[in-house]
Amino acid sequence: MSEPPRVVVIGGGLGGLCLAEGLHRAGIPVTVHERDAEPTARRQGYRIHLGGGGATALADCLPPASYQLLLATAGRPGGQVTVATKRLRRLRVLPGGPGRPATSPAAVSVAVNRLTVREIMLADLGDLVRFGAEFTHYETEGAGVRAHFANGDSVVADVLVGADGVGSRVRGQLLPHAEVVDTGNRVIYGKVLLDATTRTLLPADVKRGFLAVRAIPRPIGMALGLVEFAEPVTEAASRFGVRLTPTEDYLMFALTAPLRCFPHPDAVMSTLDGERLRETVIGMTRSWHPNLRELLAHCVVGENFHLPIRVSRPVPAWTTGPVTLLGDAVHAMSPAGGSGANTALRDAALLVRRLSATDRDTRLGAYEREMLDHGFAAVRVAGGR
């Protein structure tokens, strides 16, 4: 019987960690190399919607207890998606999930806190994840590959997986022709902690599920979603013998608009601190419903951050070798579809299955074909170019 491949994963986001979880459970040697010094080194978002595809991938890859902890620390499920005007008048209501706890991973539709999910997987992986490891480039060595890091270290693997996000250095070397285009849209993310004051300001529809606000006729929109834990995160974690960062119930918001609608160019927007970003959000929603504006004024200023929205253009399958890609590193998409994280998790579970097969060339080639198909289908649905 052939030895299992040694796998090196570049990037410790949700997709890379899920892949490492699945490989470790399958007995395949794996290490994850993350450039950040620690999990909270930079803002990476808060609330994400976990759907059936992502939940199934996590159930396949995580130890059963860790998957149960993930569900225990998820937000309460919502039953609808509401589209409303800036004055909170309903435009339409769409079904958004079962509105109750799911009985199987494929039926899951809940909000989860990104950091909490990462911490659950990091607790499982321990020292298999190396922080402060900034990848610079790779070199092929025979049938394998050597990854090099900024501190002068290097590591040899049979398979190198780029799970290093939209600015992927692995993709830049493997597929220098692959394009990531600027959509011209920008987003300011933030969160509002829920307390006696802010709960009274919540729009009724955000309590029933996800709320999308459209400032017609201006091309400004806002997505709002609650994360209300059925059980305090630390209490759920203690039942499973895991330490997690305490997290309070909160409202996530994402203000999205074309660059021309923001008061400053990118060079200035990228330097604004949390307080200035709050002022920007309040200024851009001047004619919105007063309760919504007051709610936004209560945002945690230290949690605000601004990002350009970039999406990947489709690439054809490449010649299979010892280097491959996963998630935003290959098929970055607009957050409008809410499927980026779920698609990366699906990639991870698929790659675990393929790497558990016998013939490396066949398994990686099959993974890449399937990943490109479902990944760029998700990009199109999310509004990719």
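## Terms and model

The model described here is predicted.

## Salt bridges

The structure has 14 salt bridges. One of them pairs arginine 199 with aspartate 249, with the closest N and O atoms 3.1 Å apart. Arginine 199 is in helix H6 (residues 196-201) and aspartate 249 is in the loop between H7 and strand S15 (250-258), so this pair ties together parts 50 residues apart in sequence.

Arginine 186 and aspartate 266 form another salt bridge, where the closest N and O atoms are 2.6 Å apart. Because arginine 186 belongs to strand S12 (residues 180-193) and aspartate 266 to helix H8 (residues 266-269), the pair ties together parts that are 80 residues apart in sequence. Arginine 186 is buried, at 3% relative accessible area, while aspartate 266 is partly exposed, at 27%.

## Nonpolar cores

The largest nonpolar core has 90 residues, and among those with the most contacts inside it are Val7, Leu160 and Trp318. Helix H12 (residues 340-355) supplies the largest share of this core, 9 residues. Leucine 160 touches residues that include Val8, Phe135, Tyr138 and Pro322. A second, separate core has 30 residues, including Val206, Val281, Leu296 and Cys299. In soluble globular proteins, nonpolar side chains tend to be buried together.

## Cysteines

A search of the whole structure finds 0 disulfides. The cysteine sulfur nearest to that of cysteine 61 belongs to cysteine 18 and is 3.8 Å away; a disulfide needs sulfur atoms within 2.5 Å, so cysteine 61 is in no disulfide. Cysteine 61 is buried, at 1% relative accessibility.

For cysteine 299, the closest cysteine sulfur is in cysteine 261, 20 Å away, which is too far for a bond. Cysteine 299 also counts as buried, with 6% relative accessibility.

## Helix H4

Helix H4 (residues 114-125) has 12 residues. From its first C-alpha to its last, H4 reaches 17 Å, close to the expected 16 Å. Its buried residues include Thr116, Arg118, Glu119 and Leu125. Among the elements that cover the buried residues of H4 are helix H1 (14-25), strand S6 (110-113) and helix H7 (233-239). After H4 comes glycine 126, which has a positive phi near 55°.

Methods
Residues are numbered from 1 along each chain as its sequence is written. This is a predicted model: local features need pLDDT of at least 70, side-chain atom pairs count only at pLDDT 80 or more; totals for chains, interfaces and linings use all residues. Side-chain values use heavy atoms; hydrogens and water are left out. A nonpolar core is a set of buried Ala, Val, Leu, Ile, Met, Phe, Trp, Tyr and Cys residues joined through side-chain atoms within 4.5 Å. Buried means under 20% relative accessible area, exposed over 50%, partly exposed in between (1.4 Å probe, protein chains only). Helices (H or I, at least four residues) and strands (E, at least two) are DSSP runs, numbered from the N terminus. Contact means heavy atoms within 4.5 Å. The expected span of a helix is 1.5 Å times one less than its number of residues. A salt bridge is a side-chain nitrogen of Lys or Arg within 4 Å of a carboxyl oxygen of Asp or Glu. Lists of a residue's contacts leave out its neighbours within four places in sequence.
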